[in-house]
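Here is a short briefing to read alongside the model. Please keep the viewer open as you go through the points.

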Amino acid sequence: MPSADAHRAAVLGSPIAHSLSPVLHRAAYAGLGLDGWSYDRFEIDEEALPGFIDGLDRSWAGLSLTMPLKRAIIPLLDEISPTAASVEAVNTVVFTEDGRRTGDNTDIPGMIAALRERGVEKVESAAVLGAGATASSALAALAVICAGPVTAYVRSRERGDEMRGWGRRLGVDVRVADWAEGARALEAPLVIATTPAGTTDSVAADVPQNPGILFDVLYEPWPTALASAWSARGGAVVGGLDLLVHQAMLQVEQMTGRRPAPLAAMRQAGEAALAAR
């Protein structure tokens, strides 16, 4: 377990200037009384990643990884968790006292925790909008909380095949539908939108009268057009900041060895940072 002495951590990715991770982690350190801990951000692409990792000294406790590094980091690690292996994506690296580099994925349990915070323990079926890296993490989360089929709305046959493949690997009954039919997704008890900003604006007008739960993984801009329309219809909305805070809390706990991390303080710091932008 890392001590309370000075340690370093950071988030890596490209682009990285927008990342809220420093705000969240620093708020956690303040709440935990870890005065000697620091957390920064570094613009690092796949080509620069090996050199950056090799240049770290023993003061480093851990790293957060965002795109495009979640898969590129794996060959540089000594081991990864079963959770990370299930989606071939690592967003958390912890450096152990014996010098080993261990990788984990806190996006998946972060999604589950964010939903459970809103009272969502189990659903009978779900829909996923999109088919990128976040969609595979969504499927892994749905493997835990969804009892029935998951319909993935995608733009190409290749993406559909990828989602079916992830479903087989994760034990999820994935059915594929064309993106043009995306309005039908909104009728599911749980809808997880994993697409970039603006992508779901075209279906915002199609939110049903009594919607279920929407999990929109974006946090900026917020609210999205879909989230606003969903709330206006009385539906429950889980946002990207909820996911970000929960996955960051798990990262803090792994890197510092301190539990529980101050979730409320982290969320408050994230909300304040977004409001100031």
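Two strands count as paired if DSSP finds at least two bridges between them. With that in mind, Glu 79 has Thr 102 in E6 as its bridge partner. Please note that this is a predicted model.

**Strands E4, E5 and E6**

- The bridge at Glu 79 belongs to the pairing of strand E4 (residues 79-80) with strand E6 (residues 101-104), which is parallel and has two bridges.
- On strand E5 (residues 92-95), the pairing with E6 is antiparallel and is made by four bridges.
- One of the residues to look for here is Thr 92, whose bridge partner in E6 is Asp 104.
- E5 and E6 make a hairpin, with five residues between the two strands.
- In the turn of this hairpin, Gly 99 has a positive phi of about 90°.

**The six-stranded sheet**

- Six strands form an open sheet with parallel pairing, in the order E9-E8-E7-E10-E11-E12.
- Strand E9 (174-178) and strand E12 (236-238) are at the edges; each has a single partner strand, so one side of each has no neighbour in the sheet.
- From one strand to the next, the twist averages 20°.
- Three bridges link strand E11 (residues 213-216) with E12 in the parallel sense.
- Within that pair, Leu 214 is opposite Val 237 of E12.

**Helices H5 and H6**

- Helix H6 (residues 157-170) lies across strand E7 (126-129), strand E8 (150-154) and E9, and runs at about 165° to E9.
- H6 also meets H5: the two axes come within 10 Å and cross at roughly 35°.
- The crossing of H5 and H6 is right-handed.
- From H5, the contact takes in Ala 135, Ser 136, Leu 139, Ala 140 and Ala 143.
- From H6, the residues that meet them are Met 163, Trp 166, Gly 167 and Leu 170.
- By type, the contact of H5 with H6 has seven nonpolar residues, two polar and no charged.

**The largest pocket**

- The largest pocket holds about 890 Å³ of space.
- Its lining has 34 residues, and those nearest the centre of the pocket are Thr 66, Met 67, Lys 70, Thr 134 and Tyr 219.
- Strand E3 (60-65), helix H5 (133-145) and helix H8 (240-256) are the elements that each give two or more residues to this lining.
- Which element provides the largest share of the lining? Helix H8 does, with five residues.
- The lining of the largest pocket divides into 15 nonpolar, 16 polar and three charged residues.

**The cavity**

- How many cavities of 30 Å³ or more does the structure hold? There is one.
- The space in the largest cavity comes to about 30 Å³.
- Part of its lining is the run Thr 195, Pro 196, Ala 197, Gly 198, Thr 199 and Thr 200.
- Asp 216, Leu 218 and Thr 224 also line the largest cavity.
- This lining divides into three nonpolar, five polar and one charged residue.

Note on methods. Residues numbered from 1 in each chain as written. Predicted model: local features only at pLDDT ≥ 70, side-chain atom pairs only at ≥ 80, totals over all residues. Heavy atoms only, no water. 1 Å grid on protein atoms, 1.4 Å probe; cavity = no way out; pocket = protein on both sides within 12 Å on 5 of 7 lines; lining within 4 Å. Points joined across faces, edges and corners; volume = space filled by probe spheres on them. Nonpolar A, V, L, I, M, F, W, Y, C, P; charged D, E, K, R; others polar. Axes fitted to C-alpha atoms, helices over the stretch in contact; angles between N-to-C directions. Contact = heavy atoms within 4.5 Å. Left-handed = near helix turned anticlockwise from the far one by under 90°.
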